[in-house]
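Please open the structure in your viewer and keep the selection tool at hand. The stops below say what to select and what to look for.

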Amino acid sequence: MSSQQPLFLSDETVKSLLKWETLIPAVEGAMRDLSKKDVLQPPRLILPIPSKNGALLAMPAFSKSESALGCKIVTSFQNNQEKGLPSIMGTILFMDSDTGKLKVIMEGTEITAWRTAAASVVATKHLHVGEKKVLAILGAGTQGRIHALAMRHYFNFHEVRIWNRTESRAKALCSELGSWATHYSNKERCVRDADVIVTATYSPTPIVRLSWLKPGAHINAIGFGVKHHNELEDEIYKSESTVVWVDHMEAAQKELAELINNGVRMRGEVGQAMTLTHAQTQSSNITVFHSLGMAVEDVVAAKVVFEAHKEKIDAANNRPSN
Ligand SMILES: NC(=O)c1ccc[n+]([C@@H]2O[C@H](COP(=O)([O-])OP(=O)(O)OC[C@H]3O[C@@H](n4cnc5c(N)ncnc54)[C@H](O)[C@@H]3O)[C@@H](O)[C@H]2O)c1
Ligand SMILES: O=C(O)[C@@H]1CCCCN1
């Protein structure tokens, strides 16, 4: 019997190994494979904890093409900021896909942040047609910040506008991002004329209105508070010129049931959009990517990190990695 202990990788180590160059293609591949039915991923288990304004989610997945098997346990506690902790904290168990033996226990807080932004980059690449000059981000928390970094890495936006409920946080993020970024105290001014918009808040009420959106705008809607669709006003979903895409239809049918029961049609998965031409995906004016977050994104990201770790160890030991 093998006595080898599982490896533990802290968030600090994971962060040092995450690179957009490897992560974005891995997440793109995972989204494509999911839509090709090459991924096993049941809808996640969500345990709401209303008395704590929190939730715990169990998210397993297996990617056939990557031979990657794992499960993320992640919590979302909205009041953590006042306690000096991230709102979203995760742990990923990464297994040998031939035997099920646990190989790595990885803190998954950084991976959750990075892979969510990577998925928005992939969605923006495949769903948004036209110039990408102005990026507007509503929410200057972990997700707002990492989305700015991911979008800056991948696209060539001329400017990023940041709005946050507490203005000082928007200002602080803009200082970090440099002259590329401007903080806005008014949501409407932030969003008007933006080509691409990211909503990344816990707002329980709409923060974006249809009348603010320019034709052809694309929204990456990230927020998950009490439910997954609070940030955009109903008129955006109801408008004939809006097309809504998701990461996982099966999960959407469960997590976005209220929207679907109200007659909002989900056009399909981003992975399906990858096989269409831009003209076919954007048969309307406005596209929305409703990001639920997928276990397979975590599992392929964990594989990327594990491989980078092995390479680093092998290089330190002066051995070729295999
Ligand atoms: N789709 C996904 O895969 C995915 C992954 C991670 C996080 N999320 C969601 O993204 C959102 C942001 O997560 P985070 O890690 O950046 O959290 P965070 O705590 O770091 O930031 C939360 C942000 O929400 C804002 N906010 C809170 N309450 C608000 C309100 N009532 N009105 C307006 N703004 C409000 C805060 O000012 C802050 O900017 C959350 O809803 C989270 O559940 C989604
Ligand atoms: O996919 C995720 O990891 C996150 C966890 C928190 C709620 C939103 N989705």
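A nonpolar core is a set of buried Ala, Val, Leu, Ile, Met, Phe, Trp, Tyr and Cys residues joined through C-beta atoms within 7 Å. A residue is buried if 20 or more other C-beta atoms lie within 10 Å of its own, exposed if 12 or fewer, and partly exposed in between, with C-beta atoms placed from the backbone.

Before selecting anything, note that this is a predicted model, in which local features need pLDDT of at least 70 and side-chain atom pairs count only at pLDDT 80 or more, while totals for chains, interfaces and linings use all residues. Residues are numbered from 1 along each chain as its sequence is written, and chains are lettered from A and ligands numbered from 1 in the order in which they are written.

**The whole protein**

Start with everything shown as a cartoon. The protein has 12 helices and 15 strands; helices (H or I, at least four residues) and strands (E, at least two) are DSSP runs, numbered from the N terminus. The C-alpha atoms fill a box of roughly 65 × 45 × 40 Å along the principal axes. Of the 322 residues, 45% are buried.

**The core**

Select Val27, Ala118, Ile162, Trp245 and Ala301: these have the most contacts inside the largest nonpolar core, which has 89 residues. Next select helix 3 (residues 109–127), which gives this core its largest share, 10 residues. At least three residues of the core come from each of domain 1 (7–111 + 297–311) and domain 2 (113–295). In soluble globular proteins, nonpolar side chains tend to be buried together.

Now centre on Ala301. Which residues does Ala301 touch, not counting residues up to four places away in sequence? They are Leu23, Ala26, Val27, Ile111, Trp114 and Arg115. Touching, or being in contact, means that the C-beta atoms of two residues, placed from the backbone, lie within 7 Å.

Colour domain 1 (7–111 + 297–311) and domain 2 (113–295) separately. Domain bounds come from an automatic or database domain assignment. Between the C-alpha centres of the two domains there are 22 Å. Across the boundary, 29 residues of domain 1 are in contact with 27 residues of domain 2. On the domain 1 side, helix 2 (20–35), strand 4, strand 5, helix 3 and helix 12 (295–316) each supply at least two residues. Helix 2 supplies the largest share of that side, nine residues. By class, the domain 1 side has 16 nonpolar, six polar and seven charged residues. Here Ala, Val, Leu, Ile, Met, Phe, Trp, Tyr, Cys and Pro count as nonpolar, Asp, Glu, Lys and Arg as charged, and the others, Gly among them, as polar.

**The two ligands**

Select ligand 1. How many residues surround ligand 1? There are 28, and the closest are Ser87, Gly141, Gln143, Ser203 and Gly293. A residue belongs to such a shell if its C-beta atom, placed from the backbone, lies within 6 Å of the molecule. Helix 4 (142–154) and helix 3 are the elements that give two or more residues to this shell, and helix 4 gives the most, three residues. The shell holds eight nonpolar, 18 polar and two charged residues. Both domain 1 and domain 2 provide at least three residues of the shell around ligand 1.

Move to ligand 2. Leu57, Val74, Ser76, Ile88, Thr112, Phe224 and Gly293 surround ligand 2. This shell has four nonpolar, three polar and no charged residues.

**Two loops**

Most residues other than glycine have a negative phi, and most peptide bonds are trans. Select Ser67, in the loop between strand 4 (54–63) and strand 5 (68–77); its phi is near 45°, a positive value. Ser67 is exposed, because 11 other C-beta atoms lie within 10 Å.

Then go to Asp193, in the loop between helix 6 (187–191) and strand 11 (196–199). Asp193 has a positive phi of about 70°. Is Asp193 buried or partly exposed? It counts as partly exposed, because it has 14 C-beta neighbours inside 10 Å.

**A last stop**

Finish at Ile49, in strand 3 (residues 45–49). Ile49 is exposed, with 12 other C-beta atoms within 10 Å. Leaving out residues up to four places away in sequence, Ile49 touches Gly54, Ala55 and Leu56.
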